[in-house]
Amino acid sequence: MSDRTQKTAPVLALETSCDETAVAIYDGALRAHALHSQVALHAEYGGVVPELASRDHVRRVAPLLRQVLGEAGLNTQDLAGVAYTAGPGLIGALMVGGATAAGIALAHGLPLIPVHHMEAHLLAPMLEDRPPGFPFVALLVSGGHTLLVDVRGVGDYRLLGESLDDAVGEAFDKTAKLLGLPYPGGPELARLAESGREGRFRLPRPMTDRPGLDFSFSGLKTAVLTSLPKAASNEERADLARAFEEAVVDTLCIKCLRALEATGYERLVVSGGVSANLRLRAGLQGKARARGAEVFFPRQAFCTDNAAMVALVGWMRRAEGRRAATALEVRARWPLSELRPVDGIPESAEGAIT
Ligand code: KG4
Ligand code: ZN
């Protein structure tokens, strides 16, 4: 057993894949993290405007860097590496974090460590006091992805199922728009659904009536559209929001239980922006527990995009860092299955990895 108080190799990480600028430092424990959300900037357009996102990352990244280094009591020369989200994401936005990270790395002769955004989401629960042991089934539910993954170790991922059309977060956002809610739709819809009455609308649980672990959410959005004329009042719109949320939660629960059944695993990790949803957290917890399985979530703040999860993965993958001036690489698309396993489980990660 390693000495948990002995921390090593601080890794600085930058996250700029979409509409959050975030910086963190991890050295076996989370030293500091800070974030600026661009929600207000994009709100008037009803969604993320990529060019505005890139420009705002440029404005925000240096002050956040200064803040995080200050809070950790470190200088750039104390660092063991600089990690950055290399994809998937908006290419211009990714370039801002990547180029900034590359600049710091080059100036101080540090290794530059590319991090896969979805791997960062997947491992985010390892930042918590009670980290999941391997193997586990991971449900990754974000704005761009809905994935069920068989996770046997860090970097050892097999895709079990995915959405054939809209990602869950995307379905939340589009449905919220139909209901007349502002961006970002997911949390707004969840808030509206709180006052919704049960059973006023009945929506389908897509693809649960046939075997398999893939998802489809675009039909659910269409079902909401079809029901809209029956939801004229605010009260009825809340009922419809609740019916949508319940349909999504039920569908995800059914597929997660199926994935646990198929793998024989007893641990389920749920991560990505939509894992902040309280009805989803409660639903999965209840269903998994009834089956004798344990569920692991990141804390609420680390469900959505943040740099703490990027720093964690950057620290775990620090041996893969490169010092070459040409090391910078970003990718709009990047399948999780292309990642390579990390040799040996990093022993001094926060909490014990069992
Ligand atoms: O992981 P994330 O921050 O960014 C991506 O990598 O995509 O996920 C953002 C997504 C958005 O679609 C947002 O509406 C959704 O997560 N989301 C939620 C909630 N909080 C964020 N969806 C439902 N309920 C929430 N409480
Ligand atoms: Zn994300």
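## Strand pairing around S7

Strands S6 and S7 form a hairpin, with four residues between them. The model is a predicted one. S6 covers residues 136–141 and runs antiparallel to S7, to which six bridges join it. Within this pairing, Ala138 stands opposite Val149 of S7.

S7 also forms a hairpin with S8, and here two residues lie between the strands. Gly155, in that turn, has a positive phi of about 85°. S8 spans residues 156–162, and six bridges join it to S7 in an antiparallel arrangement. Leu147 has Glu162 in S8 as its bridge partner. Of the eight residues of S7 (residues 146–153), seven are buried, so this strand is largely enclosed by the rest of the structure.

## The zinc site

The zinc ion, ligand 2, has three residues as its protein donors: His117 and His121, each through NE2, and Asp305 through OD.

## Surroundings of ligand 1

Ligand 1 is surrounded by 16 residues, and the closest are His121, Gly143, Asp173, Gly273 and Asn277. Gly273 has a backbone N or O atom 3.0 Å from an oxygen atom of the ligand. In the case of Asn277, a polar side-chain atom lies 3.0 Å from a nitrogen atom of ligand 1.

Taken alone, ligand 1 exposes 560 Å², of which the protein buries 86%. The elements giving two or more residues to the shell are H4, helix H5 (168–178) and helix H6 (185–193). H5 gives the most, with three residues. By class, the shell has 10 polar, four nonpolar and two charged residues.

## The loop between H6 and H7

Ser216 is found in the loop between H6 and helix H7 (218–227). Ser216 is buried, with a relative accessible area of 14%, and its side chain is joined to that of Asp165 by a polar contact of 2.6 Å.

Met207 is found in the loop between H6 and H7 as well. Its phi is near 60°, a positive value in a residue other than glycine. Met207 is buried, with a relative accessible area of 15%.

## Further backbone features

Which residues does a cis peptide bond join? One such bond joins Phe134 and Pro135, with omega about -5°; Pro135 has its place in the loop between H4 and S6. Another joins Tyr183 and Pro184, where omega is about -5°. Pro184 lies in the loop between H5 and H6.

A positive phi also occurs at Ala9, where the value is about 50° although the residue is not a glycine. Ala9 is found in the segment before strand S1 (11–15). With a relative accessible area of 23%, Ala9 is partly exposed.

Technical notes:
Residues are numbered from 1 along each chain as its sequence is written. Chains are lettered from A and ligands numbered from 1 in the order in which they are written. This is a predicted model: local features need pLDDT of at least 70, side-chain atom pairs count only at pLDDT 80 or more; totals for chains, interfaces and linings use all residues. Side-chain values use heavy atoms; hydrogens and water are left out. Donors are N, O and S atoms within 2.8 Å of the metal (3.2 Å for Na, K and Ca); water is not among the atoms, so sites may look incomplete. Buried means under 20% relative accessible area, exposed over 50%, partly exposed in between (1.4 Å probe, protein chains only). Two strands pair if DSSP finds at least two bridges between them. A residue is near a molecule or strand if one of its heavy atoms lies within 4 Å of it. A polar contact is a pair of N or O atoms within 3.5 Å; within protein, one must be able to donate a hydrogen and the other to accept it, and residues adjacent in sequence count only if both atoms are side-chain atoms. Accessible areas come from the Shrake-Rupley method with a 1.4 Å probe; for residues, only the protein chains shown count as cover. Ala, Val, Leu, Ile, Met, Phe, Trp, Tyr, Cys and Pro count as nonpolar, Asp, Glu, Lys and Arg as charged, and the others, Gly among them, as polar.
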